[in-house]
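Have the viewer open as you read.

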Amino acid sequence: MKCGQPCKPGERVCDKCRGISRPEETKPQNRTENSRNGILPLVIIIAVLLAVLVGMGAYACTAYLLPVNQGPVGPRNSSEEPAPNREEKETEEEAEEAEEAATEETTLAETTVRITVPEVVTEAPTEATTLSDIEYFIVNSDKRYFSESYFADFDANMCRLARNGIYAYAGRDFKDSSLQIYFEQYDWYNPTIAPDDFRETMLNEYQIANRDLIVSYEDKKGY
């Protein structure tokens, strides 16, 4: 306008200068700004989608790498124990069977009666000794079995002394003075039982067997 004053709204002719007002020119918006304003929401959407995809991929990888039988994270109930596999179960069963077998063998060994074969003397010892054949027989008659061949060189008197020596070694006194005098020469002779008080049960199984052997030998030889 010539007067420099704007026209009233809706009027094109100025009342003062009677000039015609021109419509204000509207500057077109910058294309770059329009493009930027349109792309920004799209970028945000794409970024959100990418973040979602990355999160899902990370979760899938974690689920794949974790063991299948891994349970949820948290304190495990003490009453829940992992089930043993087949090999561990078989090993435990074999160990139990071996332990039972060892127990049975131990029990059997404890209850088994050991049979000891008694020593049988067939002849006088060959090593140097101060004992005569008669005395050796007497002092061992309560713990060893003798064979008949041991008396092969015994005469009737030697058999008589050996047979009565079994009783003398058991502590029997004798009414026969010759026997009493003979056995009193030995340190092991300690007569504490009178002839009438002596009983067969005072001899052990070795002494009884050896006495019966001499009696049998005397009968065979006719002594």
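1. How many helices and strands does the protein chain have? Six helices and two strands, and along the sequence they come in the order α-α-β-α-β-α-α-α. Keep in mind that this is a predicted model.

2. Some totals for the whole chain. Of the 223 residues, 20% are buried. The exposed surface comes to about 17,800 Å², with carbon and sulfur atoms supplying 54% of that. Among contacts with a separation of 6 or more, 51% involve residues 24 or more positions apart.

3. Which residues touch the most other members of the largest nonpolar core? Phe137, Phe151 and Phe183 do, in a core of 26 residues. Two or more residues come from each of H3, H4, H5 and helix H6 (205–221), and H4 gives the most, with six. As background, nonpolar side chains in soluble globular proteins tend to be buried together.

4. Leaving out residues up to four places away in sequence, Phe183 touches Ile138, Leu161, Asn164, Gly165, Ala168, Phe174, Trp188 and Tyr189.

5. Helix H3 (residues 133–140) is worth a look, being mostly covered: seven of its eight residues are buried.

6. Arg144 is partly exposed, at 23% relative accessible area. Its side chain makes a polar contact of 2.6 Å with the side chain of Tyr136. Arg144 also lies 8.5 Å from Asn210, C-alpha to C-alpha, although 66 residues separate the two in sequence.

7. Arg172 is one I would check by eye. It is found in the loop between helix H4 (156–169) and helix H5 (177–183). Apart from residues up to four places away in sequence, Arg172 touches Tyr167, Tyr189, Pro191, Ile193, Pro195 and Phe198.

8. Elsewhere, a search of the whole structure turns up seven salt bridges. One of them joins Lys220 to Glu148, with the closest N and O atoms 2.8 Å apart. Lys220 is in helix H6 and Glu148 in the loop between S2 and H4, so the pair ties together parts 72 residues apart in sequence. Lys220 counts as exposed at 57% relative accessibility, while Glu148 is partly exposed at 26%.

9. Another salt bridge pairs Arg160 with Asp176, again with closest N and O atoms 2.8 Å apart. Here the pair ties together parts 16 residues apart in sequence, since Arg160 lies in helix H4 and Asp176 in the loop between H4 and H5. Arg160 is partly exposed at 27%, and Asp176 is partly exposed at 31%.

10. Finally, Glu200, Arg211 and Asp212 are linked in a network of salt bridges. Within it, the side chains of Arg211 and Asp212 meet at 3.0 Å, N to O.

Definitions and conventions. Residues are numbered from 1 along each chain as its sequence is written. This is a predicted model: local features need pLDDT of at least 70, side-chain atom pairs count only at pLDDT 80 or more; totals for chains, interfaces and linings use all residues. Side-chain values use heavy atoms; hydrogens and water are left out. Helices (H or I, at least four residues) and strands (E, at least two) are DSSP runs, numbered from the N terminus. Buried means under 20% relative accessible area, exposed over 50%, partly exposed in between (1.4 Å probe, protein chains only). Contact means heavy atoms within 4.5 Å. Accessible areas come from the Shrake-Rupley method with a 1.4 Å probe; for residues, only the protein chains shown count as cover. A nonpolar core is a set of buried Ala, Val, Leu, Ile, Met, Phe, Trp, Tyr and Cys residues joined through side-chain atoms within 4.5 Å. A polar contact is a pair of N or O atoms within 3.5 Å; within protein, one must be able to donate a hydrogen and the other to accept it, and residues adjacent in sequence count only if both atoms are side-chain atoms. A salt bridge is a side-chain nitrogen of Lys or Arg within 4 Å of a carboxyl oxygen of Asp or Glu.
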